[in-house]
Amino acid sequence: MTAADRPRRLLDEATDIVAIVGGVTHDRARAVLRAMSAHTHIKEPHVAELVVEWAVSGRLPADLRRELRLQLDPGRGAPAAEPVAP
């Protein structure tokens, strides 16, 4: 993997993680990552990096954890799921 491939690879991995944890489609998971980025003012590649790290360490910054829960809330059109550390 080249340095140029890394951000795309992290985004794909983070999308997979959100899809699995949230029980949502990949399209919905990608939208969740975009919303997390927009609402926390953290660039999407960094959000992806933090989500991938979360899958390994179980640690996710509180603002991102809160936003992830909000985005996966069934009232926003996603299936009910409580995000837990994978």
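Modeller: A residue is called buried when its relative accessible area is under 20%, exposed when over 50%, and partly exposed in between, using a 1.4 Å probe and protein chains only. The model is predicted: local features need pLDDT of at least 70 and side-chain atom pairs pLDDT 80 or more, while totals for chains, interfaces and linings use all residues. Residues are numbered from 1 along each chain as its sequence is written, and side-chain values use heavy atoms, leaving out hydrogens and water.

Colleague: Which residues of α2 are called buried?

Modeller: They are Ala29, Arg30, Val32, Leu33, Ala35, Met36, Ser37 and Thr40. Their cover includes α1, α3 (44-57) and α4 (62-71).

Colleague: What makes residues 26-40 a helix, and how does the span of α2 compare with the expected one?

Modeller: Helices are DSSP runs of H or I with at least four residues, strands are runs of E with at least two, and both are numbered from the N terminus. Helix α2 has 15 residues. The expected span is 1.5 Å times one less than the number of residues; α2 reaches 21 Å from its first C-alpha to its last, close to the 21 Å expected. Just after α2, His41 takes a positive phi of about 60 degrees.

Colleague: Why is Thr15 called buried?

Modeller: Its relative accessibility is 3%, so Thr15 counts as buried. Thr15 lies in helix α1 (residues 6-22).

Colleague: How do you know that the side chain of Thr15 makes a polar contact with Leu11?

Modeller: A polar contact is a pair of N or O atoms within 3.5 Å; within protein, one must be able to donate a hydrogen and the other to accept it, and residues adjacent in sequence count only if both atoms are side-chain atoms. The side chain of Thr15 reaches the backbone oxygen of Leu11 at 2.7 Å.

Colleague: What does Thr15 touch beyond four places in sequence?

Modeller: Contact means heavy atoms within 4.5 Å. Thr15 touches His26, Ala29, Arg30 and Leu33.

Colleague: Which residues touch the most other members of the largest nonpolar core?

Modeller: Such a core is a set of buried Ala, Val, Leu, Ile, Met, Phe, Trp, Tyr and Cys residues joined through side-chain atoms within 4.5 Å. Of its 23 residues, Leu33, Met36, Val51 and Leu68 touch the most other members. Helices α1, α2, α3 and α4 each supply at least two residues, and α1 gives the most, with 7.
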